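Here is a short report on one protein model. Please look at the sequence and the structure first.

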Amino acid sequence: FTQGLKEEKSFVQVNDFPYDKSKRPIYQDQWSCKTLDDCFNFEKCTHGFKVFVYPNIKDVFMSPMYGDILEIIRNSKYATDDPDEACILITSVDTLDRDKLSKNFVKNVDDLIARKVSYWNNGENHVVFNLFSGTWPNYDNDLSLNFGKAIIAKSSFNLDTVRQNYDISIPLLPKDFPKLPVVLSETDNLFPIFRKYLLSFKGKRYLYGIGSETRNSLYLIHNNEDIILLTTCIHEKNWQKFADSRCEEDNSNYDRFNYTELLANSTFCLIPRGRRLASFRFLEAIQYGCIPVIMSNGWDLPFNDVIDWVKFSIVLDESLLLQLPSILRGISFDQVLAMKQQTIFVWKNYFSSISHIIHTTLEILFTRLQPHMYKPPLMWNFPPGALNVYTDFSTNMADFPFYYHLFNNQPSEKFTAIIVADSPVYKSSDPLFSLIKIINKSTYVDQILVVWLPNEDIPERSKWPKTQVTLRVIHPPNKTFNSRYVSMSLINTDAVFTFDDDVFLTSSDIDFAFSVWRSNPSKLVGFLPSVHVSCGKAWCTDSGHKNMLSIISTSSAVFHRYYSHHYSFHAPQQLHELVAQNRSCEGLAMNFLISFINQSPPIKVARSPNFFDKSSLNNNTEQDECFNKLLQIFGVMPLKKSIISFNPVLFRDPVSVTRRKYKLLG
């Protein structure tokens, strides 16, 4: 990921061009709220950032999409059932479509709000969602409701109208847009960098009225070779009344190309304004990894206050249409690669579903209203993205494993060992005590923490092995395998090396795995791999695959302590409940979580011949049940497959053992 095209002189951002403010519509006095300090009651946020959604109103129309939005918010980590402790309130009156000519237009909204929204108080601390405002012929920002002091989350916001750091610009959503993310192979494949078509567009051509000028001029740069710009005049009942001399040819050519095939085979996709500033084509384009070329003067781009659009889009004034081909041909291979990477990144993290868009909106509100939890722009615009990084872990970005290389930072040179003791011990030769002795021999161990789960009493200190490092025994309040990821306040190292009490390995195993992890601090590194495979309509795990892997057993694995923090404080409650009910789900749950965050596979390392892990004997049927329950919790398949395995130098070479750094391996 590079810095994009900020220094490219040939690119012109829409902000550089003045547009005719005399055409700005006259808005109600309610737009007078300019800042949160003016109109937001911060005292309601003393309980933290809590969001209350009003109950649905019986016998009042609600579109399926608005129902999905409310359900997503109700299921979010910020949701509360108590309006008195809410910082933000969301009305159940559907305000998505405020076009008076639309069949989805809800009439008498002000009356409904007055009767059914009991905490409205002139919109104070409320958020109103809207996709369509205004109507023919101007399609302005008129919401046809008295929103008062409410924050507006809206598509097609005009730069002259949006109240910066108050309102939120969101994308225009098609009615069939997925509620949860759907991962398409097209967006995972960057190559070829330059696709068959340089630039494409397929859509309506407005013959009159607002939004017609740019689309009516597209034929001037269409060359039917690498620039394919298709328009049709057929879109309104009386289109023939206004048809021009090009309509017949345009309509004939329009069906020659399949729209999705155009998207998948285009390097750049044109996003001209329609009747309104926003267009469905933005989401459709980036879904296929097509770099958006936006020509919509005055559009406040979605999530513009946190997302760096220069890194993945071209934003041009509509008057520069004829210069567009030469501008696009002047972009280098490296620049296109960087922009496609970023296009895929923002799609997956912020735009790929209604859920992602709503959670991004909530996160923006959260960071505005809780300034001590501020997330810098780099966190939003660099993997793994702001939705997967929590600043209650640290306010210093250099402390997160994803950003080490950006700050020339290195993880600490020691690790904390955490052993989950699941069985009582009676003698010094028991596996737990043997494991402690082995870990104590490691060059890099800082301390050893034993999480005691048995109901039996903890043995006296005199019976425990003597160690050169600190040995602590922790008695967790909840005796489940969730306890593997608690007690973060006791950990001073970046690395956490977890062990089950019955694993057998050598200090060389541990030291080599840790050295590999230090070169890959955002990864999960371990010894015992398996892979997820399709089993009909479900998924299951296969531990017998020799080359492919996507899962590493946490019975002996090392990872960054941020993942423990994320698991303990930010993982879905359903995940904790699942692990509490079924201990077999714990390792798989952590694999899901880490892959969901870093979007990359784990790493397998070589192990000594005598390595033994009892978890390798576990019943796969139990794990398969966990697998499909975790899919329901995460809503997407996060695991990534890999064939990479790390072995030490001279691992299999027929040389003297004395020449090897890890003498017990091989």
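The notes below cover the domains, one interface and one serine.

## Domains

The model is predicted. The domain assignment of the protein gives three ranges: domain 1 (36–169), domain 2 (197–351) and domain 3 (415–646). Between the C-alpha centres of domain 1 and domain 2 the distance is 30 Å. Domain 1 brings 18 residues to their contact, and domain 2 brings 15 residues.

Together, domain 1 and domain 2 bury about 1300 Å² between them. Carbon and sulfur atoms hold 56% of that area. On the side of domain 1, the most area is lost by Tyr 139, Ser 156 and Ser 169. Together these residues make up 40% of what that side buries.

## Polar links across the interface

One salt bridge is found across the interface of domain 1 and domain 2. Arg 276 and Asp 99 form a salt bridge, with their closest N and O atoms 3.0 Å apart. Eight residue pairs are in polar contact across the interface of domain 1 and domain 2. The side of domain 1 that touches domain 2 has eight nonpolar, nine polar and one charged residues.

## A look at Ser 319

Ser 319 sits in the loop between β10 (314–315) and α9 (324–329). Is Ser 319 buried or exposed? Its relative accessibility is 55%, so Ser 319 counts as exposed. The cut-off for exposed is over 50%.

The side chain of Ser 319 also makes a polar contact with the side chain of Asp 317, at 2.6 Å. Tyr 66 is 253 residues away from Ser 319 along the chain, and their C-alpha atoms are 36 Å apart.

Notes:
Residues are numbered from 1 along each chain as its sequence is written. This is a predicted model: local features need pLDDT of at least 70, side-chain atom pairs count only at pLDDT 80 or more; totals for chains, interfaces and linings use all residues. Side-chain values use heavy atoms; hydrogens and water are left out. Domain bounds come from an automatic or database domain assignment. Contact means heavy atoms within 4.5 Å. Buried area is the accessible area (1.4 Å probe) that two parts lose on being put together, summed over both. A salt bridge is a side-chain nitrogen of Lys or Arg within 4 Å of a carboxyl oxygen of Asp or Glu. A polar contact is a pair of N or O atoms within 3.5 Å; within protein, one must be able to donate a hydrogen and the other to accept it, and residues adjacent in sequence count only if both atoms are side-chain atoms. Ala, Val, Leu, Ile, Met, Phe, Trp, Tyr, Cys and Pro count as nonpolar, Asp, Glu, Lys and Arg as charged, and the others, Gly among them, as polar. Helices (H or I, at least four residues) and strands (E, at least two) are DSSP runs, numbered from the N terminus. Buried means under 20% relative accessible area, exposed over 50%, partly exposed in between (1.4 Å probe, protein chains only).
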